[in-house]
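Welcome! Take a moment to turn the model around on your screen, and then let us walk through a few of its features together.

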Amino acid sequence: MSQQENNSAASAATSANTEPEPIKAIPLRRPGRWIAAAVILIALALFVWGAKTNDAYHWDTYFKYLGDKRIAQGAVVTLELTVFAMFIGVLLGILLAVMRLSPNPVLRSVAWAYLWIFRGTPVYVQLVFWGLFPSLYKTITVGVPFGPSLAHFDVQHWSAPFVFAMVGLGLNEAAYMAEIVRAGINSVGEGQREASVALGMSWSQTMRRTVLPQSMRVIIPPTGNELISMLKTTSLVTAIPLTTDLYGRARDIYSVNFQPVPLLLVAATWYLLVTSVLMVGQYYLERHYSRGSSRQLTAKQLRAQAAAQVAGGTG
């Protein structure tokens, strides 16, 4: 081997052993972002300062009633109303979704008519009708048509605005949940059901083990949004009228002290607090049902992969 060839081989070996210099990436200058951020922060600071120095907000009254026992009790009633109404809405929504997907034209027509009525009329108007239910129906008789009666109810003596509010909100919510559930079921490919049937699964097993777990990715996000929307819609139960909820308690207080602004801020703060908790729960629930839908590894999976690589390298 000649001297020139030896020098070339030595230079190549030296270049292979020498690490390349790191690339110094210079980020693009984006002055528009900084200007927009500065303008927004200045506007926000001016709004907060103006609200703080404005005596019309009555911040002393706000902090006085923020932890009031009556407001807290109203928040509990609002939560109960939200949970019960959503329970009715989800169960009835599933039934309506199955009816909409049924090959029976009568069931499909009844479900379509239900959705048409309850989605086409305002929820406030529906709650007003439920508040007038004792005036519309004096008595309710349950029995065989043109035959003996099994039970008789005197509606005039009913005094259950909470029940009427719960039923009214639940029936309205069922119309929206039916479409959410139907969309979730239709999002699962027909091949998944055919494969389950080929494996010997029954219809209930196919729905429970194949269709529903996959459809939850589509059902959970809008259902969480409907739950949060239901929490805020409970403020409309004043149409029943129901005054023991959060907004009703705040309205009763400011109708006495004639300071509606701070009491409305108190109610809004409680609504924001409960909504924030529900949003956190919705986030973790969505993350649970979205496992495997993305190729991006989670932090736990990345740590397990790094540990496996280290173990393989040492071995």
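## Before we start

A residue is called buried when its relative accessible area is under 20%, exposed when it is over 50%, and partly exposed in between (1.4 Å probe, protein chains only). The model is predicted, so local features need pLDDT of at least 70 and side-chain atom pairs count only at pLDDT 80 or more, while totals for chains, interfaces and linings use all residues. Residues are numbered from 1 along each chain as its sequence is written, and side-chain values use heavy atoms, with hydrogens and water left out.

## Aromatic rings

Rings of Phe, Tyr and Trp (its six-membered ring) pair if their centres lie within 6.5 Å; planes under 30 degrees apart are stacked, over 60 edge-to-face, and the rest tilted. Searching the whole structure turns up 10 aromatic pairs. One of them joins Tyr 62 and Phe 63 edge-to-face, with 5.0 Å from centre to centre and 80 degrees between the planes. Tyr 62 is buried, at 10% relative accessible area, whereas Phe 63 is exposed, at 58%.

Trp 112 and Trp 116 make a stacked pair, with centres 6.0 Å apart and 5 degrees between the planes. These two Trp residues sit four residues apart in helix α5 (residues 105-120), which means about one helical turn separates them. Trp 112 is partly exposed at 49%, and Trp 116 is exposed at 57%. Elsewhere, ring pairs link Tyr 57, Trp 59, Tyr 62 and Phe 63 into a cluster.

## Helix α5

Helices here are DSSP runs (H or I, at least four residues), numbered from the N terminus. With 16 residues, α5 reaches 22 Å from its first C-alpha to its last, close to the 22 Å expected at 1.5 Å a residue; the expected span is 1.5 Å times one less than the number of residues.

Which residues of α5 are buried? They are Ala 111, Tyr 114, Leu 115 and Phe 118. The face turned away from the buried side carries the exposed residues Val 106, Trp 116 and Gly 120.

## Helix α10

Helix α10 (residues 203-233) bends by about 45 degrees at Met 216. The bend is the angle between axes fitted to the seven residues ending there and the seven starting there.
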